[in-house]
Amino acid sequence: MKATLSVDLTNEISEIDPRLWGSFTEHLGRSIYEGIYQPNHETADEDGFREDVIEAVKKLKVPLIRYPGGNFVSGYNWQDGIGPKDQRPVRLDLAWRSVETNQFGLHEFIKWCQKVGATPDMAVNLGTRGIDEARNLVEYCNFPKGTYWSDLRRKNGAEDPFNIKVWSVGNEMDGDWQIGHQTAHEYGRLVHETAKAMKLVDPTVELVACGSSNHQNETYGSWEETVLENAYDDVDYLSLHQYYDNFDDNLAEFLGKSVDFDNFISEVVAISDAVKARKHSKKQINLAFDEWNVWYHSMGADDAQEPWTQAPHLLEDHYDFEDALLVGSLAITLLKHADRVKIGCLAQLVNVIAPIMTNTEGTPSVWYQTIFYPFMQVSNYGQGVALTPTQTQTVPTYQAKNYEVPYIDSIAVYNSDMDEVVVFIVNKAKEQTEFSMSIDSAQLNQIVEATQFAGYDIHQTNEDQSMTLESLKTVHIDGNHIDAQLEPLSWNMIRINVKA
C-alpha cells in the first residue's frame, strides 16, 4: 500500500493556537483528590500537590486547563472552595453522587496551574446559579483591589489578580442530565445577559458558549443556531464535545470515527457562519473543542460504584493500543481545522478518562496510558503553522458503515522558530504502507527525530509501562522528498530540519 502527501511552506491552513492542546480536570472521581492533590502522599509538596503528577503533566506541556467542570460545575458554589480549609463546607455533589470536601478549590487550582505552566479556563455555574455569581467570580479573580470580592481574594492570600482570560459559560446545558438544563432559547438569553455582566467587570475576558454536548444529541444543529442567534455578539467561542467508544469491538469502524469528528467540526463552522451572514456581522466565532477523547471502558465498573463516597474510582478507563491510534487521528483532525478550532481540551488529565494515572501507594506511583504518547507528541511538536496539501493526496480508503475512511491520516506543520517541518501520521491499515512526502519551498537538511508507536496487540494496555515510542528507522530524505515505511496500525511522527 502506498500513500503520498505534498506540502508547501507558503500554503497554510492557519497558525496553530497553542491552546489547541489544552486539557480538563473536574471534581470527579480521583481527578483532583488522589490525582492532582493528595497531601498525605510521599511525593506531595508543601501545598499538597503530587510532584510526580506535576512532572508527568509537564511532559505534556498542557497550555490551558478547563476547571472545575464538567457536570460538576452546574451544582457548584465556588465560594465553598475559598478561605481557610478548616472552615470549608462538605457538600453533596449531585452530578457524580459523591461527597465533596472542598479542600481543593479556586486558589489551589490557580497555584497548581502555575506549577505545571498552564493557564486556566474557568467554568461558571449557569445551572443552579447564574448572572450574579458569574460576575462576582470574575470580580474576585480579575479585579485588582478596593471592592468586596477583590479584597476577599487578597484576604485569602492572593494579593495580585488571577487575570483569567478564558471562561466557559456553563457546561452541556443542552443535556437533560445537566443540573439546571435549559432549552436553547433559555440558555442563549442567559448567556447574553451573563456575558454582558462579565465583560462589564473585565472587558478583556474571552467567553466560550456551550454548543452541543455531542454530535448525536437530538437538538444538535438547532441548538447551536439558536444559542448564537441570542449571543453571537457576546461570546468568542462555541464549544464542541465528543467521545467515542468501541462497544462493537470493530476496529475498522472505530478508527473511522475520526471522519465523524471531522464532519462535526465542519458542520458547526457552517452553522456559525450562517448565523454570521444573517446578522451581517464582521465578527467570526471560533470553536473550542473542550472535551474530546475515547470513553467507554469503565462504564460497567462505574455502574457498580456505591454513591456518596469521597474520590470514588469513576471513569477510570484503561486505554488500549487502538485507543491511542484513534486519539492520534483525532489530534490530526484538530490540526486540519486549526483555522477555526483555537481551543482544545483532551478530557480529562489525571485518572478520569486520562492519559495519566496514579496509584495511591506503591510503584509505579504514576503511569502513562497508551493515549499519553500521541498526545504528548502533538502537544510538544504540533506548534507553528498547519500546512494544506498542495495537491490531492493519494491515500487508499476503505468503506465503513457510514463513512469512506482513509487508511492514512496525516498532516504537516511548519515551526519556523525551530526550522522544522513535523509530520504526524496514523496508519490504520493492517499492512505496511509506503509513505512519501514532498516539501516545496524548502531545503531539507536532516531528520531530527522519527518515532513510531507500533507493534502492539490492539487491546494491549500499558499498566506495566512496557509500551513506549520507538525509533522509526525506515525513513530517509531524497532531495525534497521524505520516504518512510510505516508499520501496520501505527502512530508516527517525523521531524525534519529545513531551510525556508
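Student: How are the side chains of Asp 290 and Arg 66 joined?

Tutor: Side chains of opposite charge can pair when their charged atoms come close. In this predicted model, Asp 290 and Arg 66 meet in a salt bridge at 3.8 Å, N to O (a side-chain nitrogen of Lys or Arg within 4 Å of a carboxyl oxygen of Asp or Glu). Asp 290 belongs to strand 10 and Arg 66 to strand 3, so the bridge ties together parts that are 224 residues apart in sequence. Strands (E, at least two residues) and helices (H or I, at least four) are DSSP runs numbered from the N terminus.

Student: Which conventions apply to the model?

Tutor: The model is predicted, so local features need pLDDT of at least 70 and side-chain atom pairs pLDDT 80 or more, whereas totals for chains, interfaces and linings use all residues. Residues are numbered from 1 along each chain as its sequence is written, and side-chain values use heavy atoms, leaving out hydrogens and water.

Student: Are Asp 290 and Arg 66 buried or exposed?

Tutor: Both Asp 290 and Arg 66 are buried (under 20% relative accessible area with a 1.4 Å probe, protein chains only; exposed is over 50%, partly exposed in between). Arg 66 also lies over the face of Phe 24, at 4.6 Å from the ring centre (CZ of Arg or NZ of Lys within 6 Å of the centre and within 35 degrees of the ring normal).

Student: Where do Arg 340 and Asp 273 lie?

Tutor: These two side chains, Arg 340 and Asp 273, form a salt bridge at 3.0 Å, N to O. Arg 340 is in the loop between helix 10 and strand 11, and Asp 273 is in helix 8, so parts 67 residues apart are tied together. Arg 340 is buried at 7%, while Asp 273 is partly exposed at 28%.

Student: How many aromatic pairs does a search of the whole structure find?

Tutor: The search finds 28 aromatic pairs (rings of Phe, Tyr or Trp, the last by its six-membered ring, with centres within 6.5 Å; planes under 30 degrees apart are stacked, over 60 edge-to-face, the rest tilted). The rings of Tyr 67 and Phe 109 are stacked, because their centres are 4.1 Å apart and their planes at 10°. Tyr 67 is in strand 3 and Phe 109 in helix 2, so this pair ties together parts 42 residues apart in sequence. Phe 261 and Trp 292 form a tilted pair, with 6.2 Å between centres and 50° between planes. Phe 261 comes from helix 8 and Trp 292 from strand 10. Both rings belong to a cluster linked by ring pairs, whose members include Trp 21, Tyr 220 and Phe 375.
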